Amino acid sequence: MSAQLEAASWFFENSDDVFVVIRNGTVLQINPTWTTMTGWTADETVGQSFWSFVPAEDVAVIRGNIKDMTPGASVTYEHRVTTKAGGAVWLRSRAKLTDTGVAVVVLQDITLEKRRKSQLEQSRRLSDLLRVTSGVSVWLFDPITETYD
């Protein structure tokens, strides 16, 4: 094995991100991070349709993003996958299509990011309700943008 191929293999196996290799919707290969994130082992995943791990309401989101992909092109989108325990993990996926029709997909867990955004929106709605109801202005600090609202 060449040094370059060996390095790529090591990176694939040890990345904090999930790598999934897919052809015609069928999972060909995953890295160990997939199992850590979802609970599904390689034996339970490889050879299965990727769609069987995606909640039905997210299938259209993914299909809409990948339908016009051409070899060499990549797309980024957000969706969920179902965990073996029955929960769901929010992911940001970046898929790239090869000349041979194989898609290499890098998935990053954004569950905490989604949760924080939801909590921030809930805080803003509550703040707005309090402001309107009480007639008192409430300032809300957004630590991400470092601004007050």
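Select helix 4 first: the face turned away from its buried side carries the exposed residues Glu57 and Ala60. Here, exposed means a relative accessible area over 50%, buried means under 20%, and partly exposed lies in between, with a 1.4 Å probe and protein chains only. Helices are DSSP runs of H or I of at least four residues, strands are runs of E of at least two, and both are numbered from the N terminus.

The model is a predicted one, in which local features need pLDDT of at least 70 and side-chain atom pairs count only at pLDDT 80 or more, while totals for chains, interfaces and linings use all residues. Residues are numbered from 1 along each chain as its sequence is written, and side-chain values use heavy atoms, with hydrogens and water left out.

**The buried side of helix 4**

Next, select residues 56-66, the extent of helix 4, and highlight Asp58, Val59 and Ile62, which are buried. These residues lie on the same side of helix 4, because they cover an arc of only 120° around the axis; the arc is that of the directions from the helix axis to the C-beta atoms. An α-helix has 3.6 residues a turn, so residues three or four places apart point the same way.

Ala56 counts as exposed, at 66% relative accessibility. Draw a distance from Ala56 to Arg80: the two are 24 residues apart along the chain, and their C-alpha atoms are separated by 9.8 Å.

**Two loop residues with positive phi**

Move to Asn24, in the loop between strand 1 (18-23) and strand 2 (26-30). Phi of Asn24 is near 50°, a positive value in a residue other than glycine. The relative accessible area of Asn24 is 74%, which makes this residue exposed.

Glu146 comes next, in the loop between strand 6 (141-142) and strand 7 (147-148). Although Glu146 is not a glycine, its phi is positive, at about 55°. Glu146 is exposed as well, with a relative accessible area of 63%.

**Helix 5**

Select residues 111-134, which form helix 5, and find Ser127 within them. Is Ser127 buried or exposed? Its relative accessible area is 7%, and Ser127 is therefore buried.

**The whole protein**

Along the principal axes, the C-alpha atoms fill a box of roughly 70 × 35 × 35 Å.

Colour by burial to see the buried residues, which make up 30% of the 149 residues. Among contacts between residues at least 6 apart in sequence, 31% join residues at least 24 apart.

Notes:
Contact means heavy atoms within 4.5 Å.
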